[in-house]
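Here is a short note to go with the model, written for someone meeting it for the first time. Please keep the structure open while you read.

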Amino acid sequence: MSDDDSQLTNNNGGSASGAGSVGNHTTQNSGKGDEEQQQFQFVCKIDNARILHNILSALAYKKDGQMATLSISANGLKFTVEESNSFQGNAFLQQELFQEYHFSSKHEQFKINFSLLLDCLNIYGSGASFVSLQIGYRGYGHPLLLLLEQGGATTHCGLSTLDSEQLNNFNFRGHNIVNKVIMEAPFLKEAFDELDWSSTNATITLSPNDFRLSTAGASGSCQVDYPHDSEVFESFECKSHQTNTYKLALLSPAIKALSIAQKTQMRLNEIGLLSFQHMIENEDKNISFVDFFVAPLEEDMNDNED
Amino acid sequence: MRFKARVLPDKATLFQRVVSTVLQISKECVIHLTQTKMQFILAAEITEGGMQVWSGIASNCLFEDYAIESLNNNEIAFEISLDHLQRALKSGQDASEMLFKLVKKNGVPYLSFVIEKQGQQTMSIVQDVPISMLTQVQFSSYIEPHLPDPDVQIMMPPLKILRNVIDKMKNVGEYLSIWANMAGEIRFKVESDMVTIQTSYRNLDHPQIEGKSPPRVNPELEAEGKVRVKQFSKFLYSYQVLPNNVVCCIVEGKAVVIHILLDDLYMTYYIPMVVL
């Protein structure tokens, strides 16, 4: 390892320059010399890789092959996962989380294999502690480099980068936010766990008096109700009675992610777009946020029927 | 032909762990008993690039009242299904006594376990594990691979963490590159279109082979090769026996040989190198 702390080093003959990419193609970087000479556009360091792995695992809903878009800015790193234009998840790794964060003023955005990224972050296993992590990026066409050290082991990873597509802008605030509920994460998870997950859709109803989740399917129907003054709510604001139906598969990532969050804020805007904002307390006591947007199925918008 | 032995009470767990470790690789196994040792041999598919496992333990390390007699130099070899053997050994856990012997029932050979458990009452369990005898001629086709001296031999890094690393590497591709030198360094690498992962260790020791002079630490001596990551990962199950030493030998162009050592127990994994 080189002594230069601000650089991801290349061991003599031991660097993993990884597979680079240009556009939608991937090319192997043949010239190690080229890699070494090109300056890093971005480098950051964190002493405990587990913190990042924990936050990012909130976005993992596929067993493997899941892609994500990474945006690098002065404020931090943002990972985005999407499904068509009905679902989006974002994890924010704010720059304060890192012991070092060197941003070169060039905003970067690209796609990577998120499943493999998580495997790399967790390379030494979940039992391993004190895994230090450096992330580096030399710019367009170069792989995202990771350096993970634990005890006597050093791991270099190079993840291919692909051009990112335009991310969905749900423009949540573009319509009035009518309903807002803050709940401890375990309570909301418990409520959703009661539903029949073999159903295709779930309906969420918010009225000034209560909060209701329901599913209806071949095996029957199921309903969970909380009155507005229930102790499960840290706060409950309902400006307008709303009933919306969502695909359970699109709600699932946000619900799964509740298991690592302390609490969550659920908001609905006028057109029934649902937003979850999960608050996660990290090992180092910093707070991080992961949010999710789920679009309603088109038939039920502001259905005033009970 | 005669064979019987009693499992030493505090060695039942080790016996179980050895069987369990070999079972992770293959259910079908050959057991070879001699006057001094018990061997477990997995030598199937060697010609198709398959890995081999040769494991042995001194009989007096696991057993007492060990008696063996046969026309073939007092050696006995048979095929056995390790999952059946494991089941018998599980019954023997916490037993006050576990004996086993070769028997024939209705003309069919078995390894018969007689287990006594003390509880409120004494319970006696008999487990017969079917076996398939190998003749001297049949067994003679099992020959431990003879390889040239390794180019590099180096202590493996701790298995506990290495297991997790190799596990993640399995997700990336079929082949694992291993590189090591005689200056304490070893590197494991996998690559695909999407990712390259390389894990390296330094300051590893080089074992001294009995009867030979201590290894000369020489950074210029290095060796590497590619193996199938799935095969390679199988030796990692041996963490169960809590080995004293795990040595990695690289014979360039031929094989990676891993030696697992714990007192009188040895497990040798021969992993063929792939030439792509």
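1. Where is the place of B:D10 in chain B? B:D10 sits in the loop between β1 and α1 of chain B; helices (H or I, at least four residues) and strands (E, at least two) are DSSP runs, numbered from the N terminus. With a relative accessible area of 60%, B:D10 is exposed. Buried means under 20% relative accessible area, exposed over 50%, and partly exposed in between (1.4 Å probe, protein chains only). From B:D10 to B:V108 there are 98 residues in sequence and 31 Å in space, C-alpha to C-alpha.

2. A word on the ground rules. This is a predicted model, in which local features need pLDDT of at least 70 and side-chain atom pairs count only at pLDDT 80 or more, while totals for chains, interfaces and linings use all residues. Residues are numbered from 1 along each chain as its sequence is written, chains are lettered from A and ligands numbered from 1 in the order in which they are written, and side-chain values use heavy atoms, with hydrogens and water left out.

3. Now the overall make-up of chain A. Chain A holds 5 helices and 20 strands, and 54% of its 306 residues count as buried. Its accessible surface is about 13,600 Å², with 43% belonging to carbon and sulfur atoms; such areas come from the Shrake-Rupley method with a 1.4 Å probe, and for residues only the protein chains shown count as cover. Taking contacts in chain A between residues at least 6 apart in sequence, 68% join residues at least 24 apart. Contact here means heavy atoms within 4.5 Å.

4. Next, the domains, whose bounds come from an automatic or database domain assignment. In chain A, domain 1 covers 22-159 and domain 2 covers 172-305. Their C-alpha centres are 30 Å apart, and 21 residues of domain 1 of chain A are in contact with 19 residues of domain 2 of chain A. Chain B is divided into domain 1 (2-139) and domain 2 (152-256). For this pair in chain B, the C-alpha centres lie 31 Å apart, and the contact takes 10 residues from domain 1 and 8 residues from domain 2.

5. Two helices of chain A are worth a look. In helix α4 (residues 185-193) of chain A, the buried residues are A:A185, A:L188, A:A191 and A:F192. They cover an arc of only 130° around the axis, so they lie on the same side of α4(A); the arc is that of the directions from the helix axis to the C-beta atoms. Why is helix α5 (residues 248-257) of chain A described as largely enclosed by the rest of the structure? Because 8 of its 10 residues are buried, including A:L248, A:L250 and A:I255.

6. A:I287 belongs to strand β20 (residues 287-294) of chain A and counts as partly exposed at 30% relative accessibility.

7. How many salt bridges does a search of the whole structure find over all chains? The search finds 18, where a salt bridge is a side-chain nitrogen of Lys or Arg within 4 Å of a carboxyl oxygen of Asp or Glu. One of them pairs A:R212 with A:D225, the closest N and O atoms being 3.4 Å apart. A:R212 lies in strand β14 (residues 210-217) of chain A and A:D225 in strand β15 (residues 220-227) of chain A, so the pair ties together parts that are 13 residues apart in sequence. A:R212 is buried, at 18% relative accessible area, whereas A:D225 is partly exposed at 34%.

8. B:R6 and B:E97 form one with their closest N and O atoms 2.7 Å apart. Since B:R6 lies in strand β1 (residues 2-7) of chain B and B:E97 in strand β7 (residues 97-105) of chain B, the pair ties together parts that are 91 residues apart in sequence. B:E97 counts as partly exposed at 29% relative accessibility. A network of salt bridges links B:R6, B:E64, B:D65 and B:E97.
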